Amino acid sequence: MPQSYPVNYLRHMMELQNLIGGEMTNPKGGAWLDNIEPATGHVFSRIPRSNAADVEAAVQAARTAFPAWSATPFEERAASLRRWGALIAEHSEALIAAESQDNGKPVSLAGAVDIPRAQKNLEFFAGAIEHFASEAHIPGGAEFIHYTHRKPIGVVGCISPWNLPLYLFTWKIAPALAAGNCVVAKPSEVTPVTAWMLSKWAAEAGFPAGVFNVVHGLGHEAGQALVEHPHVKAISFTGGTQTGAHIARTTAGIFKKLSLELGGKNPAIVFADCDVDKAVSTTIRSSFANQGQICLCSSRILIEDSLYDTFRDALVAKAKRIAPGDPSDPNTKMGALVSAPHRDKVLAYIESAKVQGASVLCGGDVASAPNDRCEAGYFVQPTILEGLGPACSINQEEIFGPVISLQRFSTEAEAIKLANDSDYGLAATIWTQDAAKAHRVATQVESGIAWINCWLVRDLRTPFGGVKSSGIGREGGFEALRFFTEPQSVCIPTH
Ligand code: NDP
(Lines give C-alpha, C1' and ligand atoms only; values in the text may rest on other atoms or scores of the structure.)
Protein backbone atom coordinates (compact mmCIF):
# COMPACT_ATOMS: atom_id res chain seq x y z
CA MET A 1 0.00 0.00 0.00
CA PRO A 2 1.31 3.49 -0.75
CA GLN A 3 2.25 5.47 2.35
CA SER A 4 0.66 8.77 1.39
CA TYR A 5 -2.92 7.59 1.54
CA PRO A 6 -5.61 10.32 1.39
CA VAL A 7 -7.41 10.93 4.65
CA ASN A 8 -10.79 9.39 3.89
CA TYR A 9 -9.73 6.54 1.66
CA LEU A 10 -9.67 3.01 3.07
CA ARG A 11 -6.25 2.60 4.66
CA HIS A 12 -6.18 -1.09 5.51
CA MET A 13 -6.69 -4.00 3.20
CA MET A 14 -10.42 -4.65 3.33
CA GLU A 15 -12.00 -8.06 2.90
CA LEU A 16 -15.53 -7.80 1.54
CA GLN A 17 -18.19 -10.43 2.16
CA ASN A 18 -21.43 -11.53 0.60
CA LEU A 19 -24.72 -10.84 2.35
CA ILE A 20 -26.76 -14.05 2.31
CA GLY A 21 -29.80 -14.68 4.49
CA GLY A 22 -28.88 -11.77 6.76
CA GLU A 23 -25.32 -13.02 7.38
CA MET A 24 -22.10 -11.54 6.05
CA THR A 25 -20.45 -14.65 4.61
CA ASN A 26 -17.23 -15.70 2.94
CA PRO A 27 -17.38 -17.34 -0.51
CA LYS A 28 -18.23 -21.02 -0.26
CA GLY A 29 -15.46 -21.99 -2.66
CA GLY A 30 -12.87 -20.07 -0.62
CA ALA A 31 -11.78 -18.07 -3.69
CA TRP A 32 -11.13 -14.33 -3.66
CA LEU A 33 -10.51 -11.59 -6.19
CA ASP A 34 -8.18 -8.62 -5.85
CA ASN A 35 -9.83 -5.21 -6.07
CA ILE A 36 -7.59 -2.51 -7.53
CA GLU A 37 -7.63 1.24 -6.95
CA PRO A 38 -7.58 2.72 -10.50
CA ALA A 39 -5.72 5.87 -9.50
CA THR A 40 -2.75 3.91 -8.14
CA GLY A 41 -2.93 0.45 -9.67
CA HIS A 42 -2.61 -0.98 -6.13
CA VAL A 43 -4.77 -3.74 -4.67
CA PHE A 44 -6.75 -2.24 -1.79
CA SER A 45 -9.37 -4.87 -1.04
CA ARG A 46 -10.33 -8.48 -1.68
CA ILE A 47 -13.76 -9.59 -2.70
CA PRO A 48 -15.48 -12.97 -2.73
CA ARG A 49 -15.18 -14.85 -5.99
CA SER A 50 -18.59 -16.38 -5.49
CA ASN A 51 -19.80 -19.40 -7.40
CA ALA A 52 -23.10 -21.12 -8.15
CA ALA A 53 -23.27 -22.48 -4.57
CA ASP A 54 -23.25 -18.93 -3.14
CA VAL A 55 -25.93 -17.88 -5.61
CA GLU A 56 -27.98 -20.96 -4.70
CA ALA A 57 -27.77 -20.08 -0.98
CA ALA A 58 -28.78 -16.48 -1.70
CA VAL A 59 -31.72 -17.52 -3.88
CA GLN A 60 -32.92 -20.00 -1.23
CA ALA A 61 -32.68 -17.31 1.48
CA ALA A 62 -34.64 -14.94 -0.75
CA ARG A 63 -37.31 -17.56 -1.48
CA THR A 64 -37.73 -18.23 2.24
CA ALA A 65 -38.09 -14.51 2.97
CA PHE A 66 -40.50 -13.80 0.12
CA PRO A 67 -43.91 -14.78 1.60
CA ALA A 68 -43.52 -12.50 4.63
CA TRP A 69 -41.87 -9.62 2.74
CA SER A 70 -44.44 -9.59 -0.06
CA ALA A 71 -47.19 -9.49 2.60
CA THR A 72 -45.52 -6.64 4.50
CA PRO A 73 -47.54 -3.42 4.20
CA PHE A 74 -46.06 -1.09 1.60
CA GLU A 75 -45.69 1.63 4.25
CA GLU A 76 -43.24 -0.61 6.15
CA ARG A 77 -41.29 -1.45 3.01
CA ALA A 78 -41.10 2.25 2.21
CA ALA A 79 -39.96 3.04 5.75
CA SER A 80 -37.07 0.57 5.43
CA LEU A 81 -35.99 2.19 2.17
CA ARG A 82 -36.11 5.63 3.79
CA ARG A 83 -34.04 4.44 6.79
CA TRP A 84 -31.50 2.98 4.37
CA GLY A 85 -31.39 6.33 2.57
CA ALA A 86 -30.80 8.06 5.90
CA LEU A 87 -27.92 5.66 6.58
CA ILE A 88 -26.38 6.65 3.25
CA ALA A 89 -26.62 10.30 4.29
CA GLU A 90 -25.12 9.52 7.69
CA HIS A 91 -22.17 7.69 6.12
CA SER A 92 -21.88 9.84 3.01
CA GLU A 93 -18.31 10.93 3.61
CA ALA A 94 -17.11 7.33 3.80
CA LEU A 95 -19.21 6.32 0.78
CA ILE A 96 -17.93 9.23 -1.34
CA ALA A 97 -14.33 8.31 -0.52
CA ALA A 98 -14.96 4.61 -1.18
CA GLU A 99 -16.68 5.25 -4.53
CA SER A 100 -13.82 7.46 -5.65
CA GLN A 101 -11.16 5.01 -4.50
CA ASP A 102 -12.91 2.03 -6.06
CA ASN A 103 -13.82 3.60 -9.40
CA GLY A 104 -11.18 6.30 -9.98
CA LYS A 105 -13.81 9.04 -10.21
CA PRO A 106 -13.11 12.39 -8.54
CA VAL A 107 -14.44 12.76 -4.99
CA SER A 108 -16.13 15.94 -6.22
CA LEU A 109 -18.23 13.89 -8.65
CA ALA A 110 -18.99 11.10 -6.18
CA GLY A 111 -20.03 13.77 -3.68
CA ALA A 112 -22.14 15.80 -6.11
CA VAL A 113 -23.73 12.96 -8.07
CA ASP A 114 -23.19 9.32 -7.10
CA ILE A 115 -23.86 9.21 -3.39
CA PRO A 116 -26.64 11.84 -3.16
CA ARG A 117 -28.37 10.12 -6.06
CA ALA A 118 -28.11 6.71 -4.39
CA GLN A 119 -29.86 8.15 -1.34
CA LYS A 120 -32.44 9.82 -3.60
CA ASN A 121 -33.14 6.54 -5.41
CA LEU A 122 -34.10 4.85 -2.14
CA GLU A 123 -36.26 7.76 -1.03
CA PHE A 124 -37.83 8.16 -4.46
CA PHE A 125 -39.00 4.55 -4.67
CA ALA A 126 -40.23 4.67 -1.07
CA GLY A 127 -42.51 7.49 -2.23
CA ALA A 128 -43.31 5.85 -5.55
CA ILE A 129 -44.70 2.66 -3.98
CA GLU A 130 -46.98 4.79 -1.82
CA HIS A 131 -48.48 6.31 -4.98
CA PHE A 132 -48.48 3.25 -7.20
CA ALA A 133 -52.01 2.19 -8.13
CA SER A 134 -53.68 -0.41 -10.30
CA GLU A 135 -56.36 0.14 -12.90
CA ALA A 136 -60.01 -0.93 -12.74
CA HIS A 137 -62.19 -1.14 -15.84
CA ILE A 138 -65.96 -1.05 -15.58
CA PRO A 139 -67.69 -1.60 -18.94
CA GLY A 140 -71.05 0.00 -19.79
CA GLY A 141 -73.84 -1.48 -17.71
CA ALA A 142 -71.42 -2.13 -14.85
CA GLU A 143 -72.22 -5.81 -14.86
CA PHE A 144 -68.59 -6.71 -14.36
CA ILE A 145 -65.55 -5.10 -12.81
CA HIS A 146 -62.15 -5.90 -14.25
CA TYR A 147 -59.25 -4.90 -12.08
CA THR A 148 -55.51 -5.34 -12.39
CA HIS A 149 -53.81 -6.94 -9.44
CA ARG A 150 -50.08 -6.12 -9.52
CA LYS A 151 -48.22 -8.74 -7.50
CA PRO A 152 -44.53 -8.86 -6.63
CA ILE A 153 -42.74 -11.36 -8.85
CA GLY A 154 -40.75 -13.31 -6.26
CA VAL A 155 -36.96 -13.52 -6.28
CA VAL A 156 -35.36 -11.10 -8.73
CA GLY A 157 -31.76 -10.60 -9.84
CA CYS A 158 -30.21 -7.13 -10.10
CA ILE A 159 -26.92 -6.89 -12.00
CA SER A 160 -25.18 -3.52 -12.18
CA PRO A 161 -22.04 -2.08 -13.86
CA TRP A 162 -18.97 -0.26 -12.60
CA ASN A 163 -19.39 3.25 -13.97
CA LEU A 164 -21.93 4.60 -11.48
CA PRO A 165 -21.67 1.83 -8.90
CA LEU A 166 -23.97 2.71 -5.99
CA TYR A 167 -26.14 5.00 -8.14
CA LEU A 168 -27.12 2.22 -10.55
CA PHE A 169 -27.16 -0.49 -7.88
CA THR A 170 -29.78 1.41 -5.83
CA TRP A 171 -31.70 2.38 -9.00
CA LYS A 172 -32.50 -1.33 -9.41
CA ILE A 173 -32.80 -2.71 -5.90
CA ALA A 174 -35.03 0.11 -4.61
CA PRO A 175 -38.01 -0.49 -6.94
CA ALA A 176 -37.54 -4.27 -6.64
CA LEU A 177 -37.76 -4.17 -2.84
CA ALA A 178 -40.45 -1.48 -2.75
CA ALA A 179 -42.69 -3.68 -4.91
CA GLY A 180 -42.32 -6.57 -2.45
CA ASN A 181 -39.74 -8.74 -4.19
CA CYS A 182 -36.71 -10.33 -2.57
CA VAL A 183 -33.44 -9.46 -4.25
CA VAL A 184 -30.20 -11.20 -5.10
CA ALA A 185 -27.89 -8.48 -6.38
CA LYS A 186 -24.53 -8.75 -8.10
CA PRO A 187 -22.57 -5.51 -8.34
CA SER A 188 -19.72 -5.26 -10.81
CA GLU A 189 -16.69 -7.02 -9.41
CA VAL A 190 -14.65 -4.02 -10.56
CA THR A 191 -16.40 -1.63 -8.12
CA PRO A 192 -17.98 -3.65 -5.30
CA VAL A 193 -17.16 -1.59 -2.19
CA THR A 194 -20.15 0.75 -1.80
CA ALA A 195 -22.64 -2.08 -2.46
CA TRP A 196 -20.91 -4.05 0.28
CA MET A 197 -21.13 -1.06 2.66
CA LEU A 198 -24.83 -0.68 1.92
CA SER A 199 -25.40 -4.39 2.45
CA LYS A 200 -23.97 -4.13 5.98
CA TRP A 201 -26.73 -1.65 6.90
CA ALA A 202 -29.65 -3.64 5.47
CA ALA A 203 -30.70 -5.12 8.83
CA GLU A 204 -30.42 -1.74 10.58
CA ALA A 205 -32.67 -0.25 7.90
CA GLY A 206 -35.27 -2.90 8.75
CA PHE A 207 -34.98 -5.48 5.98
CA PRO A 208 -35.57 -8.97 7.39
CA ALA A 209 -32.92 -11.61 6.72
CA GLY A 210 -33.03 -12.92 3.15
CA VAL A 211 -35.01 -10.02 1.69
CA PHE A 212 -31.87 -8.42 0.28
CA ASN A 213 -28.82 -10.48 -0.64
CA VAL A 214 -25.57 -9.52 -2.34
CA VAL A 215 -23.32 -12.01 -4.08
CA HIS A 216 -19.99 -10.61 -5.25
CA GLY A 217 -17.96 -12.13 -8.05
CA LEU A 218 -17.35 -12.41 -11.74
CA GLY A 219 -20.03 -11.88 -14.34
CA HIS A 220 -19.48 -15.17 -16.11
CA GLU A 221 -19.53 -17.09 -12.81
CA ALA A 222 -21.79 -15.52 -10.14
CA GLY A 223 -23.67 -13.37 -12.67
CA GLN A 224 -24.25 -16.28 -15.00
CA ALA A 225 -25.48 -18.52 -12.14
CA LEU A 226 -27.96 -15.84 -11.14
CA VAL A 227 -29.23 -15.39 -14.68
CA GLU A 228 -29.63 -19.15 -15.17
CA HIS A 229 -31.27 -19.87 -11.81
CA PRO A 230 -34.80 -21.24 -12.34
CA HIS A 231 -36.17 -19.56 -9.21
CA VAL A 232 -34.98 -16.09 -10.22
CA LYS A 233 -38.02 -14.81 -12.02
CA ALA A 234 -36.71 -11.52 -13.40
CA ILE A 235 -33.37 -9.96 -14.21
CA SER A 236 -32.75 -6.24 -14.23
CA PHE A 237 -29.43 -5.69 -15.95
CA THR A 238 -27.38 -2.61 -16.78
CA GLY A 239 -24.16 -3.11 -18.67
CA GLY A 240 -22.67 -3.68 -22.08
CA THR A 241 -24.72 -4.62 -25.13
CA GLN A 242 -22.84 -7.87 -25.70
CA THR A 243 -23.48 -9.00 -22.13
CA GLY A 244 -27.13 -7.97 -22.50
CA ALA A 245 -27.44 -10.04 -25.67
CA HIS A 246 -25.85 -13.01 -23.88
CA ILE A 247 -28.33 -12.69 -21.01
CA ALA A 248 -31.24 -12.47 -23.47
CA ARG A 249 -30.03 -15.65 -25.21
CA THR A 250 -29.50 -17.46 -21.89
CA THR A 251 -32.99 -16.68 -20.64
CA ALA A 252 -34.86 -17.03 -23.95
CA GLY A 253 -36.00 -20.60 -23.33
CA ILE A 254 -36.88 -20.11 -19.67
CA PHE A 255 -39.06 -17.01 -20.15
CA LYS A 256 -37.58 -14.75 -17.53
CA LYS A 257 -38.74 -11.17 -17.31
CA LEU A 258 -35.86 -8.98 -18.54
CA SER A 259 -34.98 -5.31 -18.31
CA LEU A 260 -31.83 -4.50 -20.27
CA GLU A 261 -30.16 -1.08 -20.06
CA LEU A 262 -27.23 -1.28 -22.44
CA GLY A 263 -24.63 0.79 -24.24
CA GLY A 264 -24.85 3.99 -26.24
CA LYS A 265 -23.12 5.95 -28.99
CA ASN A 266 -24.89 9.19 -28.32
CA PRO A 267 -25.04 12.07 -30.78
CA ALA A 268 -24.89 15.73 -29.77
CA ILE A 269 -26.46 17.68 -32.65
CA VAL A 270 -25.23 21.26 -32.68
CA PHE A 271 -27.10 23.68 -34.97
CA ALA A 272 -25.58 27.02 -35.95
CA ASP A 273 -28.37 28.93 -34.16
CA CYS A 274 -27.55 27.48 -30.71
CA ASP A 275 -26.32 29.34 -27.64
CA VAL A 276 -22.69 28.55 -28.42
CA ASP A 277 -21.19 29.17 -24.98
CA LYS A 278 -23.76 26.96 -23.30
CA ALA A 279 -23.47 24.28 -25.99
CA VAL A 280 -19.68 24.21 -25.71
CA SER A 281 -19.51 24.07 -21.92
CA THR A 282 -22.26 21.43 -21.68
CA THR A 283 -20.69 19.35 -24.46
CA ILE A 284 -17.42 19.35 -22.52
CA ARG A 285 -19.33 17.94 -19.56
CA SER A 286 -21.41 15.51 -21.62
CA SER A 287 -18.23 14.22 -23.32
CA PHE A 288 -15.82 13.94 -20.42
CA ALA A 289 -17.81 13.65 -17.17
CA ASN A 290 -16.78 10.55 -15.23
CA GLN A 291 -13.91 10.21 -17.76
CA GLY A 292 -16.52 9.64 -20.49
CA GLN A 293 -17.71 6.50 -18.71
CA ILE A 294 -21.42 7.27 -18.57
CA CYS A 295 -23.77 5.46 -20.91
CA LEU A 296 -25.41 8.84 -21.60
CA CYS A 297 -22.19 10.65 -22.56
CA SER A 298 -22.04 12.29 -25.97
CA SER A 299 -19.49 10.64 -28.21
CA ARG A 300 -20.48 11.75 -31.73
CA ILE A 301 -20.53 15.54 -31.94
CA LEU A 302 -22.40 16.58 -35.09
CA ILE A 303 -21.89 20.26 -35.91
CA GLU A 304 -23.57 22.41 -38.57
CA ASP A 305 -21.09 23.53 -41.23
CA SER A 306 -21.32 27.27 -40.64
CA LEU A 307 -20.54 26.89 -36.92
CA TYR A 308 -18.07 24.04 -37.25
CA ASP A 309 -14.74 25.85 -36.94
CA THR A 310 -15.87 28.18 -34.15
CA PHE A 311 -17.42 25.36 -32.14
CA ARG A 312 -14.50 22.99 -32.67
CA ASP A 313 -11.92 25.58 -31.63
CA ALA A 314 -13.85 26.53 -28.48
CA LEU A 315 -14.35 22.87 -27.55
CA VAL A 316 -10.69 21.99 -28.09
CA ALA A 317 -9.51 25.02 -26.10
CA LYS A 318 -11.64 23.98 -23.14
CA ALA A 319 -10.68 20.31 -23.36
CA LYS A 320 -6.99 21.20 -23.35
CA ARG A 321 -7.48 22.84 -19.97
CA ILE A 322 -8.72 19.59 -18.37
CA ALA A 323 -5.86 17.76 -16.70
CA PRO A 324 -6.64 14.41 -15.13
CA GLY A 325 -5.81 14.56 -11.44
CA ASP A 326 -5.70 12.50 -8.24
CA PRO A 327 -9.37 11.55 -7.69
CA SER A 328 -8.97 12.08 -3.94
CA ASP A 329 -8.10 15.77 -4.48
CA PRO A 330 -11.28 17.85 -4.08
CA ASN A 331 -10.15 20.12 -6.95
CA THR A 332 -9.86 17.28 -9.48
CA LYS A 333 -12.43 17.36 -12.28
CA MET A 334 -11.26 14.30 -14.21
CA GLY A 335 -9.94 11.13 -12.58
CA ALA A 336 -8.64 7.74 -13.70
CA LEU A 337 -10.26 5.20 -15.98
CA VAL A 338 -11.70 2.24 -14.12
CA SER A 339 -9.12 -0.44 -14.92
CA ALA A 340 -5.98 -1.20 -16.89
CA PRO A 341 -7.83 -3.35 -19.47
CA HIS A 342 -10.38 -0.58 -19.97
CA ARG A 343 -7.63 2.05 -20.36
CA ASP A 344 -5.95 -0.19 -22.92
CA LYS A 345 -9.21 -0.62 -24.81
CA VAL A 346 -9.70 3.16 -24.97
CA LEU A 347 -6.10 3.69 -26.11
CA ALA A 348 -6.51 1.00 -28.78
CA TYR A 349 -9.53 2.89 -30.17
CA ILE A 350 -7.45 6.09 -30.31
CA GLU A 351 -4.65 4.27 -32.13
CA SER A 352 -7.13 2.76 -34.58
CA ALA A 353 -8.58 6.25 -35.20
CA LYS A 354 -5.10 7.50 -36.08
CA VAL A 355 -4.62 4.58 -38.48
CA GLN A 356 -8.00 5.35 -40.04
CA GLY A 357 -6.81 8.90 -40.74
CA ALA A 358 -8.26 10.89 -37.85
CA SER A 359 -6.74 14.21 -36.85
CA VAL A 360 -6.15 14.29 -33.12
CA LEU A 361 -7.15 17.81 -32.06
CA CYS A 362 -6.23 17.28 -28.43
CA GLY A 363 -5.22 14.43 -26.15
CA GLY A 364 -4.71 11.11 -27.85
CA ASP A 365 -2.56 9.41 -25.25
CA VAL A 366 -2.15 8.45 -21.61
CA ALA A 367 -2.05 11.42 -19.26
CA SER A 368 0.93 11.96 -17.01
CA ALA A 369 0.46 10.95 -13.37
CA PRO A 370 -0.71 13.88 -11.25
CA ASN A 371 1.53 12.91 -8.30
CA ASP A 372 3.77 10.12 -6.95
CA ARG A 373 0.86 8.28 -5.36
CA CYS A 374 -0.79 7.96 -8.77
CA GLU A 375 2.36 6.97 -10.70
CA ALA A 376 0.83 3.67 -11.86
CA GLY A 377 -2.74 4.94 -12.29
CA TYR A 378 -4.90 4.62 -15.39
CA PHE A 379 -5.10 8.19 -16.69
CA VAL A 380 -6.04 9.11 -20.26
CA GLN A 381 -6.13 12.61 -21.76
CA PRO A 382 -9.45 14.02 -22.94
CA THR A 383 -9.30 13.34 -26.65
CA ILE A 384 -11.04 15.04 -29.57
CA LEU A 385 -10.86 13.53 -33.06
CA GLU A 386 -12.01 14.81 -36.44
CA GLY A 387 -11.95 13.72 -40.02
CA LEU A 388 -13.58 10.30 -39.65
CA GLY A 389 -16.64 9.24 -41.63
CA PRO A 390 -19.83 7.98 -39.99
CA ALA A 391 -19.14 4.33 -40.87
CA CYS A 392 -15.75 4.02 -39.20
CA SER A 393 -15.47 2.08 -35.94
CA ILE A 394 -14.79 5.21 -33.84
CA ASN A 395 -18.19 6.58 -34.87
CA GLN A 396 -19.99 3.26 -34.54
CA GLU A 397 -18.61 1.39 -31.52
CA GLU A 398 -18.99 2.36 -27.89
CA ILE A 399 -15.60 3.45 -26.55
CA PHE A 400 -16.85 4.42 -23.06
CA GLY A 401 -13.93 6.72 -22.36
CA PRO A 402 -12.87 10.37 -22.76
CA VAL A 403 -12.87 10.23 -26.56
CA ILE A 404 -15.19 12.12 -28.89
CA SER A 405 -15.33 12.46 -32.65
CA LEU A 406 -16.51 15.57 -34.55
CA GLN A 407 -18.52 15.38 -37.77
CA ARG A 408 -20.07 18.08 -39.98
CA PHE A 409 -23.55 18.38 -41.42
CA SER A 410 -25.15 20.98 -43.63
CA THR A 411 -28.91 20.34 -43.39
CA GLU A 412 -31.37 19.29 -40.73
CA ALA A 413 -32.12 16.10 -42.67
CA GLU A 414 -28.43 15.25 -42.82
CA ALA A 415 -28.07 15.83 -39.07
CA ILE A 416 -30.92 13.41 -38.34
CA LYS A 417 -29.51 10.83 -40.77
CA LEU A 418 -26.09 11.01 -39.13
CA ALA A 419 -27.58 10.84 -35.63
CA ASN A 420 -29.55 7.73 -36.55
CA ASP A 421 -26.63 6.06 -38.33
CA SER A 422 -25.92 3.85 -35.32
CA ASP A 423 -26.95 0.49 -33.91
CA TYR A 424 -27.44 2.27 -30.59
CA GLY A 425 -30.27 4.55 -29.50
CA LEU A 426 -29.89 5.65 -25.91
CA ALA A 427 -29.65 9.45 -25.63
CA ALA A 428 -29.39 12.41 -28.00
CA THR A 429 -28.62 16.04 -27.23
CA ILE A 430 -29.94 18.77 -29.51
CA TRP A 431 -28.63 22.34 -29.52
CA THR A 432 -30.73 25.04 -31.21
CA GLN A 433 -32.68 28.12 -30.16
CA ASP A 434 -35.43 27.32 -32.66
CA ALA A 435 -38.04 25.52 -30.55
CA ALA A 436 -39.94 24.10 -33.51
CA LYS A 437 -36.75 22.68 -34.99
CA ALA A 438 -35.78 21.23 -31.61
CA HIS A 439 -39.08 19.35 -31.33
CA ARG A 440 -38.95 18.27 -34.96
CA VAL A 441 -35.49 16.81 -34.58
CA ALA A 442 -36.21 15.24 -31.18
CA THR A 443 -39.16 13.31 -32.58
CA GLN A 444 -37.10 11.94 -35.47
CA VAL A 445 -34.00 10.93 -33.54
CA GLU A 446 -34.01 7.24 -32.66
CA SER A 447 -33.24 7.41 -28.97
CA GLY A 448 -34.89 6.63 -25.66
CA ILE A 449 -33.99 10.07 -24.32
CA ALA A 450 -33.59 13.44 -26.06
CA TRP A 451 -32.18 16.44 -24.23
CA ILE A 452 -32.76 19.85 -25.83
CA ASN A 453 -30.25 22.53 -24.83
CA CYS A 454 -29.26 20.57 -21.73
CA TRP A 455 -27.77 17.22 -20.73
CA LEU A 456 -28.23 14.73 -17.90
CA VAL A 457 -31.17 16.57 -16.42
CA ARG A 458 -33.22 13.83 -14.81
CA ASP A 459 -36.65 13.60 -13.29
CA LEU A 460 -36.84 10.16 -11.69
CA ARG A 461 -40.51 9.80 -12.70
CA THR A 462 -39.67 9.76 -16.42
CA PRO A 463 -39.08 6.56 -18.42
CA PHE A 464 -35.37 5.79 -18.75
CA GLY A 465 -33.90 3.46 -21.35
CA GLY A 466 -32.86 2.99 -24.92
CA VAL A 467 -34.01 1.71 -28.30
CA LYS A 468 -32.21 -0.51 -30.84
CA SER A 469 -29.07 -2.07 -29.29
CA SER A 470 -29.31 0.21 -26.25
CA GLY A 471 -31.78 -2.04 -24.53
CA ILE A 472 -35.24 -3.35 -23.87
CA GLY A 473 -37.71 -1.90 -21.41
CA ARG A 474 -37.71 1.26 -19.35
CA GLU A 475 -36.63 2.02 -15.81
CA GLY A 476 -37.67 4.97 -13.68
CA GLY A 477 -40.87 5.94 -11.87
CA PHE A 478 -43.83 3.62 -12.24
CA GLU A 479 -42.16 1.91 -15.22
CA ALA A 480 -39.76 0.25 -12.78
CA LEU A 481 -42.56 -0.74 -10.43
CA ARG A 482 -44.46 -2.20 -13.37
CA PHE A 483 -41.39 -4.21 -14.34
CA PHE A 484 -41.00 -5.56 -10.82
CA THR A 485 -44.66 -6.64 -10.55
CA GLU A 486 -46.71 -9.20 -12.45
CA PRO A 487 -50.13 -7.91 -13.52
CA GLN A 488 -53.04 -10.26 -13.05
CA SER A 489 -56.33 -9.33 -14.65
CA VAL A 490 -59.24 -10.20 -12.34
CA CYS A 491 -62.89 -10.09 -13.43
CA ILE A 492 -65.89 -10.30 -11.13
CA PRO A 493 -69.65 -9.86 -11.79
CA THR A 494 -71.29 -7.07 -9.81
CA HIS A 495 -74.46 -9.05 -9.14
P1 NDP B 1 -20.62 -5.49 -18.47
O2 NDP B 1 -21.69 -5.85 -19.43
O3 NDP B 1 -19.27 -6.04 -18.68
O4 NDP B 1 -21.03 -5.88 -16.99
C5 NDP B 1 -22.20 -5.43 -16.35
C6 NDP B 1 -22.51 -6.37 -15.20
O7 NDP B 1 -22.87 -7.63 -15.72
C8 NDP B 1 -21.33 -6.62 -14.27
O9 NDP B 1 -21.82 -6.79 -12.95
C10 NDP B 1 -20.77 -7.88 -14.84
O11 NDP B 1 -19.96 -8.58 -13.93
C12 NDP B 1 -22.04 -8.63 -15.16
N13 NDP B 1 -21.89 -9.72 -16.12
C14 NDP B 1 -20.92 -9.92 -17.05
N15 NDP B 1 -21.13 -11.09 -17.71
C16 NDP B 1 -22.26 -11.63 -17.19
C17 NDP B 1 -23.00 -12.83 -17.45
N18 NDP B 1 -22.62 -13.73 -18.37
N19 NDP B 1 -24.11 -13.06 -16.74
C20 NDP B 1 -24.52 -12.18 -15.81
N21 NDP B 1 -23.85 -11.06 -15.49
C22 NDP B 1 -22.75 -10.77 -16.19
O23 NDP B 1 -20.60 -3.89 -18.44
P24 NDP B 1 -19.59 -2.97 -17.66
O25 NDP B 1 -19.59 -3.29 -16.21
O26 NDP B 1 -18.31 -2.99 -18.42
O27 NDP B 1 -20.32 -1.55 -17.79
C28 NDP B 1 -20.15 -0.72 -18.87
C29 NDP B 1 -21.30 -0.87 -19.83
O30 NDP B 1 -22.52 -0.57 -19.18
C31 NDP B 1 -21.22 0.08 -20.99
O32 NDP B 1 -21.49 -0.59 -22.19
C33 NDP B 1 -22.31 1.09 -20.73
O34 NDP B 1 -22.84 1.71 -21.83
C35 NDP B 1 -23.33 0.26 -20.01
N36 NDP B 1 -24.20 1.10 -19.21
C37 NDP B 1 -25.50 1.28 -19.61
C38 NDP B 1 -26.32 2.12 -18.91
C39 NDP B 1 -27.75 2.29 -19.29
O40 NDP B 1 -28.54 2.71 -18.45
N41 NDP B 1 -28.16 2.00 -20.51
C42 NDP B 1 -25.85 2.84 -17.73
C43 NDP B 1 -24.48 2.56 -17.39
C44 NDP B 1 -23.69 1.71 -18.13
P45 NDP B 1 -18.36 -8.36 -14.01
O46 NDP B 1 -18.12 -6.94 -13.67
O47 NDP B 1 -17.85 -9.31 -13.02
O48 NDP B 1 -17.97 -8.71 -15.42
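I took a strand to be a DSSP run of E with at least two residues, numbered from the N terminus. The model I opened is predicted.

**Entry: asparagine 453**

I looked for the loop that holds asparagine 453. It lies between β20 (449-452) and β21 (467-468). I read its phi as positive, about 55°, although asparagine 453 is not a glycine.

**Entry: strand β13**

I moved to β13, residues 266-270. This strand is mostly covered, with 5 of its 5 residues buried. I checked which way they point. Asn266, Ala268 and Val270 go one way, and Pro267 and Ile269 go the other. I recalled that side chains in a regular strand alternate between the two faces of the sheet.

**Entry: partners of β13**

Which strand is joined to β13 by 5 bridges? I found β14, residues 298-304, and the two run parallel. Across from proline 267 I saw arginine 300 of β14. I then followed the chain from β13 to β14. It passes through helix α10 (residues 276-288), and this β-α-β crossover is right-handed.

I also noted a pairing with β19, residues 427-431. Here β13 has 3 bridges, again in the parallel sense. Isoleucine 269 has isoleucine 430 of β19 as its bridge partner.

**Entry: glutamine 291**

I went back to the loop between α10 and β14 and found glutamine 291 there. Its phi is positive, about 60°, yet glutamine 291 is not a glycine. Its relative accessibility is 1%, and buried means under 20%. Therefore I logged glutamine 291 as buried.

Methods. Residues numbered from 1 in each chain as written. Predicted model: local features only at pLDDT ≥ 70, side-chain atom pairs only at ≥ 80, totals over all residues. Heavy atoms only, no water. Buried < 20%, exposed > 50% of the residue type's maximum accessible area, 1.4 Å probe, protein only. Helix = DSSP H or I, 4+ residues; strand = E, 2+ residues; numbered from the N terminus. Pairing = 2+ DSSP bridges. Right-handed = clockwise from strand over helix to strand, strands pointing away.
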